[in-house]
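These notebook entries record what I looked up in one structure. The sequence and the model come first.

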Amino acid sequence: MLSDAERTLADALASHGQSHVLRHADALSHADRKALFAQLAAIDLPLISRLVKSGAEAKTDYSAVKPAPYVALGTPAGAARAHGESLLRAGKVAVFTVAGGQGTRLGWRGPKGTYPATVVTGKPLFRVFAEQITAAEKRYGRSLPWYIMTSPLNSADTRAFFRDNNWFGRNPADTFLFEQGTMPSITFDGKLILETPGSLALNPDGHGGAIRALHASGALEDMQARGVEHMSYFQVDNPMVRIADPVFLGLHASGEGSSGEMSSKMVAKRDAAEKVGVFCEVGGKTVVIEYSDMPAELTNSLDAQGKLRFNAGSIAIHAISVAFMQRLTQGDFALPFHRAKKKVPYWCDTQKKTVEPAEPNAIKFEAFVFDALGIAKKSLVMETSRTEEFAPLKNATGEDSPAWSHQIQSNRNGGWLEKFGVKIPRKPNGDVDARIEIAAETALEADDLADIALPREIKSGEEVLL
């Protein structure tokens, strides 16, 4: 017997052609049926119906795509730095970390933010960020509230990790953890999928879902109450990110070349084949086009100097205004959902078990945060150095692996020390031939080492912690 609320939901499912997901409801325990109806109640059925009817995504007219303009590395930025520092001192900046992933590809069991990331001490990613936030708070004399988006998969473990580490010495009230949303997978003919008799096949709604989650969790409201106007956005896998970069924040919020709504950092691509999204301009708007979607003739095209025309690689570092996020969460969700054919486990009634398909059998929907760039009135892109700020931990070996990241960390830190006369050993390819770690409390940038007692020389193969 269905309750009134369950009957209302059953009627809604019927009106959208999705009644089949209730076919086992009468056989479920009270707890399992309650959990199933809770899942179903959280689904935006009109949205799913619109996505089903919309079919394939609109195709990009690549003849109209141009390289996006950007503020080149080395551009004088004194005024921007001053403006960014004033925002930090006024408490108008928050930190936002997207941390919904597990460390599976790294061979790590647990949230990716718990992975040991630094080259000497092996500090976990969350500690790396926490120490950098604490150092910035001391420098600017104001708290930097930290908002962390987890996923249903790792939320409990992430919270436990913060509690077990005493919130890394920070005030727990200044850390706001919340879960990203989910989207149901659908069959190719638009039907919701049961993974078990009492649960739907759900997937995280992508990093673009951060916008919906910021609103739904109350995080945007909390930022408003604190007087926060801008957030420093980054993904959890990059231990090199500069969280409170006054130059970037100043450029973003100054209005010179930017609307102050959403700005981005880029690095010059290593080569045409590098698997990163590329900042482009379409119809006067900045967009990111995924490497897998870029036609080869654009990916490989060169300018008059023989350099890649489309060289502005996206590294998932943004400055975003709170007002812009609020605008995007009024009414219907503003970002498009991208469709991907995936292998999704499903409940098979005849076999009476969950089946792992051998081929893609369903469509997953994900939103990408960089799609918000095309909605911003104007967007600024700033170039940063790969060695200074981009060494993500994604793969167990090869590019973007721990060994790869450690080398870049040592290269950056060795370069900082060389600036003050320290003799650094180098390999034939130019890499630093030592393991060097510099804590955030020691230096947030190279110039902070000016008043630090430094060694005169570092030996080949030496481990150094400053």
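My entries on spaces, a helix, a sheet, backbone angles and cysteines follow.

**Entry 1: the model.** I worked with a predicted model, in which local features need pLDDT of at least 70, side-chain atom pairs count only at pLDDT 80 or more, and totals for chains, interfaces and linings use all residues. Residues are numbered from 1 along each chain as its sequence is written, and side-chain values use heavy atoms, with hydrogens and water left out.

Entry 2: I took the terms from a 1 Å grid over the protein atoms alone: a cavity is a set of points where a 1.4 Å probe fits but cannot get out, and a pocket is an open set with protein on both sides within 12 Å along at least five of seven lines. Lining residues have an atom within 4 Å of a point. Grid points are joined across faces, edges and corners, and a volume is the space filled by probe spheres set on the points. The second largest pocket holds about 1,000 Å³ of space. It is lined by 50 residues, of which Arg242, Asp245, Glu388, Glu389 and Glu445 are the closest to its centre.

I then sorted the lining by class, where Ala, Val, Leu, Ile, Met, Phe, Trp, Tyr, Cys and Pro count as nonpolar, Asp, Glu, Lys and Arg as charged, and the others, Gly among them, as polar. The lining of this pocket has 21 nonpolar, 14 polar and 15 charged residues.

Which element gives the most to this lining? Helices (H or I, at least four residues) and strands (E, at least two) are DSSP runs, numbered from the N terminus. Helix H13 gives the most, with 6 residues. Among the elements that each supply at least two lining residues are helix H9 (246-254), strand S19 (379-383) and helix H13 (402-418).

**Entry 3: the cavity.** I found 1 cavity of 30 Å³ or more. The largest cavity holds about 40 Å³ of space. Its lining consists of Gln132, Ala136, Arg242, Ala244 and Leu444, which divide into 3 nonpolar, 1 polar and 1 charged.

**Entry 4: helix H9.** I asked how many residues of H9 are buried. Buried means under 20% relative accessible area, exposed over 50%, and partly exposed in between (1.4 Å probe, protein chains only). In H9, 7 of the 9 residues are buried, so the helix is largely enclosed by the rest of the structure. Phe248 and His252 are among the buried residues. At the start of H9, a side-chain oxygen of aspartate 245 comes within 3.1 Å of the backbone nitrogen of valine 247. Glycine 255 follows H9 and has a positive phi, near 90°.

**Entry 5: positive phi.** Most residues other than glycine have a negative phi. I noted asparagine 166, with a positive phi of about 50°, in the loop between helix H6 (155-164) and strand S4 (175-179). Asparagine 166 is exposed, at 56% relative accessible area. Alanine 316 also has a positive phi, about 60°, but lies in strand S14 (residues 312-321) and is buried, at 17%.

**Entry 6: a sheet.** I traced an open sheet of 3 strands in the order S6-S18-S15, with antiparallel pairing. Two strands pair if DSSP finds at least two bridges between them. S6 (186-187) and S15 (338-342) are the edge strands, each pairing on one side only. S6 pairs with S18 (residues 362-366) over 2 bridges, and isoleucine 186 stands opposite isoleucine 363.

**Entry 7: cysteines.** I searched for disulfides (cysteine sulfur atoms within 2.5 Å) and found 0 in the whole structure. Cysteine 280 is buried at 0% relative accessibility, and cysteine 348 is buried at 11%.

How values were computed: Polar contact = N/O pair within 3.5 Å; in protein donor to acceptor, adjacent residues only side chain to side chain.
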